Amino acid sequence: MSHAYRLVVSCPDQVGIVARVSTFIAEQGGWITEANQHSDLGAGRFFMRYEINPETIGLSAAELGKRFAPIGEEFGMQWRVHDTAAKKRVVLMVSKDSHCLVDLLHRWQSGDLDCEIPCVISNHDDMRSLVEWHGIPFHHVPVDKNDKAPAFAEVERLVEESRADCIVLARYMQIIPPSLCERYAGRLINIHHSFLPSFVGAKPYHQAFGRGVKLIGATCHYVTEELDAGPIIEQDIHRVTHCHTAEELVRIGRDVEQKVLARGLRWHLQDRVLIHGNKTIVFA
């Protein structure tokens with residue numbers, strides 16, 4: 001991935017935003033290499049993502065942000081500047097299902113996911129050898145179903161110690177407490193199958209097989225206090241028929257889950273996802 005500064009903006013929509021921001025970047029000598037914009041006419045909100053070649057500016061990202069701040073104030077913007085040279089730190093959490101974890105580790109190792117993985121946290125010890133083979137610290141934090149607070153206090157400590165920019169639940173089968181949801185709002189990513197709320201609980205694919213479903217899918221979303229109802233980042237589906245067995249539905253579902261999670265995480269890492277309320281704008 002080439003070095004870039006990313007300017008991401010969300011603000012009330014009005015005339016002149018693009019002209020003002022583009023002129024500012026030109027005045028700094030900046031070369032815009034990618035530009036994304038969207039006006040939500042219903043909400044009256046404007047969203048923007050620019051990638052800028054740093055070599056044409058000769059300023060640090062911090063200095064560029066300092067110079068941009070008056071424009072942000074003028075237009076009532078929520079904005080940030082990110083230097084891609086500073087890789088985001090992603091903590092992965094997993095239980096016993098390995099498919100999403102294996103896929104993310106492979107993509108990270110191959111350079112497909114441009115991030116750092118400071119550690120993996122799990123409520124089971126099954127994935128230790130896999131994670132440590134990749135040279136990543138593994139933390140086993142068992143969760144007592146009768147008193148989950150101590151386990152999640154330790155999880156929160158480990159996440160803070162890791163200086164995490166983002167947490168990914170790669171099939172972590174525990175409900176995240178509200179305190180962690182609030183602290184990492186917009187930075188806590190989950191993946192789940194498409195059968196909610198129809199098939200809740202154990203063996204959802206087998207339940208779906210019993211009902212003769214025709215579509216298998218997955219949803220990648222940000223985690224909120226309301227279970228599986230946070231802003232959606234990415235979704236996908238795969239059509240199935242009566243010819244597929246329950247075991248084939250499980251296999252297909254796992255394939256969809258890992259692809260959707262990888263895309264959602266990649267877009268998050270690339271600052272392509274902007275949240276407004278319980279909705280996302282994804283400049284993919």
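Which strands each supply at least two residues of the lining of the second largest pocket? I looked that up and will get to it below.

**Ground rules.** I'm working from a predicted model, where local features need pLDDT of at least 70, side-chain atom pairs count only at pLDDT 80 or more, and totals for chains, interfaces and linings use all residues. Residues are numbered from 1 along each chain as its sequence is written, and side-chain values use heavy atoms, with hydrogens and water left out.

**Second largest pocket.** I have the answer: strand E1 (5-12), strand E4 (78-83) and strand E13 (273-276). A pocket here is an open set of points on a 1 Å grid over the protein atoms alone, where a 1.4 Å probe fits, with protein on both sides within 12 Å along at least five of seven lines; lining residues have an atom within 4 Å of a point. Strands (E, at least two residues) and helices (H or I, at least four) are DSSP runs, numbered from the N terminus. E4 gives the largest share of this lining, 5 residues. I noted about 410 Å³ of space in the second largest pocket. It has 20 lining residues, and Arg80, Gly186, His268, Asp271 and Val273 are the closest to its centre. I sorted the lining into 9 nonpolar, 5 polar and 6 charged residues.

**Largest pocket.** I got about 670 Å³ for this one, a volume being the space filled by probe spheres set on the points, which are joined across faces, edges and corners. Its lining runs to 30 residues, with Arg171, Tyr172, Met173, Leu227 and Asp228 nearest the centre. Helix H6 (178-183) and strand E10 (188-193) each put in at least two residues, and E10 has the largest share with 4. By type, I have 17 nonpolar, 7 polar and 6 charged.

**Cysteines.** I found 0 disulfides, a disulfide being a pair of cysteine sulfur atoms within 2.5 Å. Cys11 is buried at 0% relative accessible area, while Cys243 is exposed at 59%. Buried means under 20%, exposed over 50%, and partly exposed in between (1.4 Å probe, protein chains only).

**Whole chain.** I listed 8 helices and 14 strands. The C-alpha trace spans about 60 × 40 × 35 Å along its principal axes. Buried residues make up 49% of the 284 in the chain.

Note on methods:
Ala, Val, Leu, Ile, Met, Phe, Trp, Tyr, Cys and Pro count as nonpolar, Asp, Glu, Lys and Arg as charged, and the others, Gly among them, as polar.
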